[in-house]
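The notes follow the order in which I looked.

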Amino acid sequence: MPVSVVLAPVVALPATRLEPVRLVMSGRGCPACGGSYCFAPAECLSDLMSRAWGDCDWCEGFGWAGDDSLSVFCEGCGGSGLEEHDPGSLPRLGAAASARLAAHIDRLRALVGVAA
């Protein structure tokens, strides 16, 4: 029986691998992407600066889960205390959530190299 050769295409791997950037040391999620590791800080920064953010409806902006949850952080916002609102609405933004939003924006500006 003759032997046939099947050639597989060669796929080049990238020379360097992009490492995710750790955004939140406490494990709280980013309001824009929901993760505590960010693969695209510029996109998250753009989302945080261009959208209307307000207190999370579930945790009222604190970021902590309720007593009946198995998680430490709110399941609705990932612990950020923030959620996106309609552009025309004026969402309530409490002091804790406002400070967290400002910290996210400052951290991402430093990572991306955008001046305040």
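**Charged pairs and core**

I began with arginine 92, which is exposed, with a relative accessible area of 59%; the model I am reading is a predicted one. Its salt-bridge partner is aspartate 55, with the closest N and O atoms 2.0 Å apart, and I noted that this pair links distant parts of the chain, aspartate 55 in strand β3 and arginine 92 in the loop between β4 and α2, 37 residues apart. Aspartate 55 has 6% relative accessibility and therefore counts as buried, the cut-off being under 20%.

Next I looked up the total and found three salt bridges in the structure. Arginine 51 meets aspartate 47 in one of them, at 3.3 Å from N to O, and glutamate 84 forms another with arginine 51, where the closest N and O atoms are 3.4 Å apart. Glutamate 84 lies in strand β4 and arginine 51 in the loop between α1 and β3, so this pair ties together parts that are 33 residues apart in sequence. I recorded Asp47, Arg51 and Glu84 as linked in a network of salt bridges. Arginine 51 counts as partly exposed at 35% relative accessibility, and glutamate 84 likewise counts as partly exposed, at 45%.

Last, I turned to the largest nonpolar core, which has eleven residues, among them Cys30, Leu48, Trp53, Leu82 and Leu101. The elements giving two or more residues to this core are α1 and α2, and the largest share, four residues, comes from α2. Leaving aside neighbours within four places in sequence, I listed contacts of tryptophan 53 that include Asp47, Leu48, Leu82, Glu84 and Leu101.

Methods:
Residues are numbered from 1 along each chain as its sequence is written. This is a predicted model: local features need pLDDT of at least 70, side-chain atom pairs count only at pLDDT 80 or more; totals for chains, interfaces and linings use all residues. Side-chain values use heavy atoms; hydrogens and water are left out. A nonpolar core is a set of buried Ala, Val, Leu, Ile, Met, Phe, Trp, Tyr and Cys residues joined through side-chain atoms within 4.5 Å. Buried means under 20% relative accessible area, exposed over 50%, partly exposed in between (1.4 Å probe, protein chains only). Contact means heavy atoms within 4.5 Å. A salt bridge is a side-chain nitrogen of Lys or Arg within 4 Å of a carboxyl oxygen of Asp or Glu.
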